[in-house]
Amino acid sequence: MSKSKAKSATFYNIGQLRLDCWNKLKVATSELARGTQAKADIKKCLATSEQLFKDLKEVEHYFAFPGLTRLENVENMLKRAEFMALANKVSDITRQLVSDGYRGNPEKLDEDDLSIEKVEAHEQVDGVKKNYFEVLFVGDESKEEEASLRARLKDLRVANEQFEYGVVVQHSFQDALIALLFNYNIQAVVVKYAPSYSSENITPIIEPYIQNALKLDYSSHEETDLGPILGSLIKTLRPELDTYYITDTSLGNLKDSTIKNFKRIFYNTEDLQELHLTIVRGISERYQTPFFSALKEYSQKPTGVFHAMPISRGNSVFKSRWINDFGEFYGRNMFLAETSATTGGLDSLLQPTGPLKKAQEMARDTYGSKQTFFVTNGTSTANKIVMQALVKPGDVVMIDRDCHKSHHYGLVLSGAYPVYLDSYPIEEYSMYGAVPLEQIKRKMLQLESAGRLSKVKMLLLTNCTFDGLVYNVERVMEEVLAIKPDMIFLWDEAWFAFAGFTYNYKQRTGMFTANRLATKYKSSAYKKQYTKHIGSLKVGELPKMPDPDKVRIRVYSTQSTHKTLSSFRQGSMIHIWDEDFKRKSESTFLEAYMTHTSTSPNYQMLASLDVGRRQVQFEGYELVEKSVELAMVLRAKVNGNPKLSKYFDVLTVEDFIPSQYRQTGLKEYFDKKNGWNRMEEAWELDEFVLDPTKITLNIGRTGVDGDTFKNKYLMDKFNIQINKTSRNTVLFMTNIGTTRGSVTYLTNALLKIADALDEDLLALNDREKEIREKRIHSLTKEVPPLPDFSYFHHSFQAVPGVPGGDLRAAYFLAYNEDNYEYIALNECLPAMEKNRTLVASTFVIPYPPGFPVLVPGQVVSKEIIRFLLALDVSEIHGYRHDLGLRVFKESILDRQKTVSAMGATSRAKK
Ligand SMILES: Cc1ncc(COP(=O)(O)O)c(C=O)c1O
């Protein structure tokens, strides 16, 4: 491995490498400034500094701050041996970069004294922190033209503007792509007619980080096409950015695709001021938060309250002698913004026409849907809304059984028949993976041969799962639509709201894929491919491509915005990309939305959804990339530290995903020998991938179970919160709020726990050691096998012998207490031995794992009882420890059998 490659392998991304270089330069130059070392050491410091300047020039090329000119000026200090000044400058720049200070004080960028003291003094005098961003100019400018562009743009700035920008100029198509990948500050791109293609700056140091960009080969295209291609790539890679195109081609000669790919086209002859004003206007449009702003404005208006809500404006709180601490805790603004008004500048969520309508439209554009609806009772409610909107009693829904319970309850409410799909089990850690595509297709064929496929309305899958398993959304949709071109997809993306903001993740989301497939199926190239594909099929072979004349793209995704982005608790969204929404589902959707939405939705929550949208538009890419980076660092740290790996290991991609679903063979993101393995290829190709931000720690070797580890070790001793455990694992997550400090704190806590475990071990006597070994054996080896879904009792089967059950009938049958009885868990197996069929009359949901092991109407299998007996958790919803399992009485099942046989005959006839 070359030196540079080795360097790159150490760092997960260019940001880490960049900061490391600056920090090392800071150390080397301060050594030089001290000047007390031996000659040989000075020589070494000089050589190190020279090399670091060389490396940094290759990287800094893509950033406006500190910028190549400043970097060269600083390097000249080294050449002139002005070590003291050099060390100060390097230290200032490093500090600005590490603290992000330069972004709060953009004016300082134009000055050479960047010292933190000066910056702080400036802030105190001038007050405001500005919103800083960078504009990428792509064109063949000479150095002089570039300098003139910068100077002229600087002249156009007006004092006290809220937004301020730096300029990054790239001369080639490839360099522009690299800048877009590396530089989080870029918010607008100006492409000048016909940039050249190839970069002259791709060096071994940056190469590992731009593999995706290098795969995009447009070298054979005419230079005049490159600008528009860049515009369309930005729409895919970073669609939130404003893009502008400068050309000489008259409007009549411009291709439609060029016009569509840019926000605005400028002519070379046009004034630079116009461009400047348009750039700033573009930013201020995205900065708008219609509902949050309306709420702020409303809160400042003097208002007399003569309707509901005594706490509105704090009236019942601040005057109270008994609850004024409540007011003090939340602050006055919270109460000034509490109102039940839907007019006076505010809006109604149930029929929005003003700021809420606008806020939802802005969210729609940000998340790439056709319609977006805010939901104020979490994804639990969002899921029920979508289910009720799209399926009616008697329809069939294919659904992963270990999905969130809201879907099961949604099925009860809607009266649709679930066909349960089993995820592959990860026995060793008492977890489920995800549903293999093969199984989905097999079930579809089974339904087809029973004449029931036409009844199937929806495929519902969890993407990603709590543990981080992510589907190949595109492949699933393609192959399912090839069998059933009108299938509706509901992707439960409760844990995936953040995924829309960086390409690797985005390509595995419902909205992005819906858009991509709809475009693909409309193209003439696809039609040709399809004809060829159909022609090549052998007799009996299933098509893998959908018929372009029949396929309809109908995709819904529900997301708990509050779980992974900035939003108050319960803030969720429903995103819709449904070609048939207006024609087929809008009215039922609105009915379902009315059914579940409060007439008094929480305004603070809605405002937070609006503000959260602004955040991801400006910094989603940066924050998501950084949370992935921190997750990667944590994964590598735990698995690379011998002290930690004595007790813990972070479960790898290989632990979670069997090899047949990992076509690229990626086993883990980091290995000690080769450093970082890039995730790009696996995320493009593999059937399942693991979201690195979900970090599952195997704690089996500590001898402590997951629940105890969470409460007694992490929470009580270190105040570290997590929310998922299994018998022998705990799950950590990084998110857009995770800091480097918190990752260090967690690593430290784990080190301390490892020390404490070492000490405990030393203090044990022989008998205690034996007990401990037994516990470890039980946690690591005696894992209860996870049960599959058994089957619906024939009293509740939609059609005898065909997958699909009448959950609703079973659920409501148990509303009469005479229909069920309890049987103690340890009596279940003996009862079964005596040929009794036990049928659940309620959902039974143990936490963890948190999904129903039994649903109403399901036959209780021996595996399920063994699993429940082996579980050592105390929280099992639907199960009474004192009474036992609630099952239907046998006499009731006989009666129900006759009723349901009549129904089934008529259903089968239909
Ligand atoms: C997959 C999945 N869907 C939906 C939900 C419900 O989301 P919320 O808490 O926003 O109601 C959860 C909650 O954990 C979940 O894990």
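Lys 370 is found in the loop that runs between helix α18 (355-367) and strand β6 (371-375). The model in which this residue is viewed is a predicted one. Residues up to four places away in sequence aside, Lys 370 touches Arg 364, Ile 576, Trp 577 and Asp 578. From Lys 370 to Thr 702 there are 332 residues in sequence, and their C-alpha atoms are 49 Å apart in space.

Lys 441 belongs to helix α21, residues 437-449, and is buried, with a relative accessible area of 7%. Apart from residues up to four places away in sequence, Lys 441 touches Glu 479, Ile 483 and Lys 544. Lys 752 lies in helix α33, which comprises residues 740-762. Its relative accessible area is 48%, so Lys 752 is partly exposed. Lys 752 and Phe 718 are separated by 34 residues in sequence and by 9.9 Å between their C-alpha atoms.

The chain as a whole may now be considered. Its secondary structure comprises 38 helices and 28 strands. The radius of gyration is 30 Å, close to the 29 Å that the globule rule gives for 910 residues, so the chain is as compact as a globular protein of that length. The C-alpha trace spans about 95 × 80 × 80 Å along the principal axes. Of the 910 residues in the chain, 56% are buried. Among contacts with a separation of 6 or more, 72% are between residues 24 or more positions apart. The accessible surface amounts to about 40,200 Å², and carbon and sulfur atoms contribute 51% of it.

Helix α11, residues 223-237, has 15 residues and should span 21 Å at 1.5 Å a residue; its end C-alpha atoms are 21 Å apart, which agrees. The buried residues of α11 include Leu 226, Ile 229, Leu 230, Leu 233 and Ile 234. An α-helix has 3.6 residues a turn, so residues three or four places apart point the same way.

Helix α28, residues 603-640, presents another case: a straight helix of 38 residues would span 56 Å, yet the end C-alpha atoms of α28 span only 47 Å. At Glu 619, α28 bends by about 80 degrees. Most of α28 is covered, with 31 of its 38 residues buried. The N-terminal end of α28 is capped by Asn 602, a side-chain oxygen of which lies 2.8 Å from the backbone nitrogen of Gln 604.

Asp 580 occupies the loop between strand β15 (572-578) and helix α27 (581-596). Its relative accessible area is 1%, and Asp 580 is therefore buried. The side chain of Asp 580 makes polar contacts with the side chain of Arg 552, at 2.7 Å, and with the side chain of Arg 583, at 3.2 Å. When neighbours within four places in sequence are left aside, Asp 580 is in contact with Arg 552, Arg 554 and Ser 585.

The backbone itself deserves attention at several points. Most residues other than glycine have a negative phi, and most peptide bonds are trans. Phe 65 and Pro 66 are joined by a cis peptide bond, with omega about 0 degrees; Pro 66 lies in the loop between α3 (39-60) and α4 (68-79). The peptide bond from Asn 463 to Cys 464 is also cis, with omega near 0 degrees, and Cys 464 is placed in the loop between β11 (456-462) and β12 (469-471).

Positive phi values occur at Arg 313, near 65 degrees, and at Gln 570, near 85 degrees. Arg 313 is found in the loop between α14 (290-300) and α15 (315-318), and at 13% relative accessibility it counts as buried. Gln 570 is found in the loop between α26 (561-564) and β15; with a relative accessible area of 35%, Gln 570 is partly exposed.

Notes
Residues are numbered from 1 along each chain as its sequence is written. This is a predicted model: local features need pLDDT of at least 70, side-chain atom pairs count only at pLDDT 80 or more; totals for chains, interfaces and linings use all residues. Side-chain values use heavy atoms; hydrogens and water are left out. Helices (H or I, at least four residues) and strands (E, at least two) are DSSP runs, numbered from the N terminus. The expected span of a helix is 1.5 Å times one less than its number of residues. The bend at a residue is the angle between axes fitted to the seven residues ending there and the seven starting there. Buried means under 20% relative accessible area, exposed over 50%, partly exposed in between (1.4 Å probe, protein chains only). A polar contact is a pair of N or O atoms within 3.5 Å; within protein, one must be able to donate a hydrogen and the other to accept it, and residues adjacent in sequence count only if both atoms are side-chain atoms. The radius of gyration is taken over C-alpha atoms; the globule rule is 2.2 Å times the number of residues to the power 0.38. Contact means heavy atoms within 4.5 Å. Accessible areas come from the Shrake-Rupley method with a 1.4 Å probe; for residues, only the protein chains shown count as cover.
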